[in-house]
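Please read them with the model open.

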Amino acid sequence: LAEARDGQRLATERAAGAEACIAKLQDDVAALQLSAHEWAELSSSLRQKSERECLRHEGEVAELTAQAAELRSKVSELQAAARTTPWPKVTVSDHGRDAGQLARHIRLECPGADEDAVDIEALPNGVRVRMERPPDAAMGGEAETERQV
């Protein structure tokens, strides 16, 4: 009889231990389910934020693309103007009419020209200036080899 009682007590203790273990496992499962729910919410929130960021960046990309197209258009206009504008730019002005002596001033504007590429030759009534047009000043047009002023 004592053995039966010991066996029953042991079975009861084991059952209580098993019930405690089952309760603990149920708590762990509930916590994991809550954690999975939290992860799903977090994932959904991150997905929505990512989509908003993508839309924002798409707008920025569209704006930058439009700006790039505008800049390309302006560059084309400037290149066309550079091809039609004479190089070098020459400005002629007369000075000293009142004093009886006339002096003619000729100003050459030659952006991009290297000082070593300019050749100045003295003439009886003035000077001859020769220079090579730099490649970037030509902007795709043909370089002028000589221009009379």
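Predicted model: local features only at pLDDT ≥ 70, side-chain atom pairs only at ≥ 80, totals over all residues.

1. Residues are numbered from 1 along each chain as its sequence is written, and side-chain values use heavy atoms, with hydrogens and water left out.

2. Seven salt bridges are present in the structure, the term meaning a side-chain nitrogen of Lys or Arg within 4 Å of a carboxyl oxygen of Asp or Glu.

3. Glu53 pairs with Arg56 in a salt bridge whose closest N and O atoms are 2.7 Å apart, and a network of salt bridges links Glu53, Arg56 and Glu60. Both Glu53 and Arg56 belong to helix α1 (residues 2–84), three residues apart, or about one turn of the helix; helices here are DSSP runs (H or I, at least four residues), numbered from the N terminus.

4. Glu53 is partly exposed because its relative accessibility is 31%, and Arg56, at 42%, is also partly exposed (buried is under 20% relative accessible area, exposed over 50%, partly exposed in between, with a 1.4 Å probe and protein chains only).

5. Also in helix α1, Glu70 and Lys74 are four residues apart, about one turn of the helix, and form a salt bridge with the closest N and O atoms 3.4 Å apart. Glu70 counts as partly exposed at 46%, as does Lys74 at 44%.

6. Arg107 and Glu109 form a salt bridge through their side chains, at 3.6 Å from N to O. Arg107 has a relative accessible area of 55% and is therefore exposed, whereas Glu109, at 32%, is partly exposed.

Definitions and conventions. Helix = DSSP H or I, 4+ residues; strand = E, 2+ residues; numbered from the N terminus.
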